[in-house]
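Here is a short note for a colleague who has not seen this structure before. Please read it alongside the sequence and the model.

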Amino acid sequence: MAHTCRPVHSATATGSICARSSSRSKGSGVAAVASCPKFVGLRRLDSKSGSEGFAAVLGGVSSSSSSSSSSTRGIVSMGGSGKFFVGGNWKCNGNSESIKKLVDDLNSAKLEDDVDVVVAPPFVYIPQVVSTLTKRIDVAGQNSWTGKGGAFTGEISADMLADVGSKWVILGHSERRHILGESSDTIGKKSAYAATKDLGIIACVGEKLEERESGRTLDVVSDQLQAFADSLPDWSNVVIAYEPVWAIGTGKVATPEQAQEVHAAIRKWLSEKVSPEVASKTRIIYGGSVNGPNSSELAKREDIDGFLVGGASLKGPEFATIINSVTSKKKVAA
Ligand code: PGA
């Protein structure tokens with residue numbers, strides 16, 4: 001996918017330059033920022049909203065830390081494209097026929113250019129999707145094993161996903177955590193291995209309702225993030241999906257304020273525990289009952305860099321509407 005953004009390598013201005021300045025030469029970060037005053041990528045530069053509010057509401061950042069997650073990772077190049085990112089998680093749905101229709105609908109949909117789009121079909125349909133879906137959209141696995149493979153009945157390795165044309169894998173999804181009993185430790189191992197196969201990782205985190213209600217949202221989310229941080233060699237090909245468990249498949253979407261609040265806190269966590277550069281360039285997408293109508297308000301929020309969509313990604317036209325919600329973000333940026 002074409003990169004429209006690049007990093008700023010200055011001590012104070014971290015992140016990437018928006019598409020409007022992409023034709024600029026490799027000047028200093030400061031000069032480049034001046035040409036694009038409001039947003040880094042699709043994030044607002046001149047607003048501090050969100051980051052401070054979180055601590056007051058949700059109790060501050062967990063004190064857990066790790067020596068392996070430090071700014072010494074040396075990430076200097078733009079990992080993500082700085083573009084909006086929308087993933088469709090088809091979960092355990094569909095058959096050859098319905099997937100053919102969904103692919104046809106996606107192939108004929110008019111999609112905004114500045115969005116990275118990924119769909120995650122059930123494993124067995126990945127070859128069908130890879131061979132029929134427009135190359136405009138990448139394909140992801142919904143899970144992968146902790147290693148190369150072998151005697152692990154029912155598992156799929158990252159090698160296999162890459163072999164059949166997947167570019168991404170979803171790891172740490174709450175349905176795997178809470179229905180299949182995957183621990184953060186296992187998810188970390190899966191992530192570490194998938195990274196060795198150059199798969200992009202959609203790293204999912206999110207709290208259960210009782211955890212939110214007891215004020216533990218950020219502790220839970222930061223512990224889950226820490227497991228990724230402890231395992232990943234770097235964050236260059238990682239998108240974080242914040243998906244509150246209470247919002248997934250329930251029709252009970254987080255309000256834009258609730259989502260923004262946690263996204264800002266995740267970015268703050270990345271800044272403090274990994275590096276400001278990684279915090280700025282890593283896309284943090286929201287998942288949980290996103291649909292066509294609610295996507296545009298969510299998209300406007302500063303730290304919401306896209307979506308991970310379940311149910312609504314099974315309907316091509318509605319998924320296209322969600323992808324194109326980037327236009328509402330661009331209007332805020334204008
Ligand atoms: P949902 O699922 O959009 O159906 O709530 C989101 C997800 O699980 O990624």
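1. One of its oxygen atoms is 2.9 Å from a polar backbone atom of Gly311. Such a polar contact is a pair of N or O atoms within 3.5 Å.

2. The model is predicted: local features need pLDDT of at least 70, side-chain atom pairs count only at pLDDT 80 or more, and totals for chains, interfaces and linings use all residues. Numbering runs from 1 along each chain as its sequence is written, and side-chain values use heavy atoms, without hydrogens and water.

3. A backbone N or O atom of Gly249 lies 2.6 Å from an oxygen atom of the ligand. For a polar backbone atom of Ser289, the distance to a ligand oxygen is 2.7 Å.

4. On its own, the ligand has 280 Å² of accessible area (Shrake-Rupley method, 1.4 Å probe). The protein covers 95% of that area.

5. The ligand is surrounded by 13 residues (a heavy atom within 4 Å). Lys91, His173, Glu243, Gly249 and Ser289 are the closest. By class, the shell has four nonpolar, seven polar and two charged residues. Gly counts as polar here.

6. Now the helices, which are DSSP runs (H or I, at least four residues) numbered from the N terminus. H7 spans residues 184-196 and H9 spans residues 217-231. They pack at about 35 degrees, with axes 8 Å apart. The axes are lines fitted to C-alpha atoms over the stretch in contact, and angles run from 0 to 180 degrees between N-to-C directions.

Technical notes
A polar contact is a pair of N or O atoms within 3.5 Å; within protein, one must be able to donate a hydrogen and the other to accept it, and residues adjacent in sequence count only if both atoms are side-chain atoms. Helices (H or I, at least four residues) and strands (E, at least two) are DSSP runs, numbered from the N terminus.
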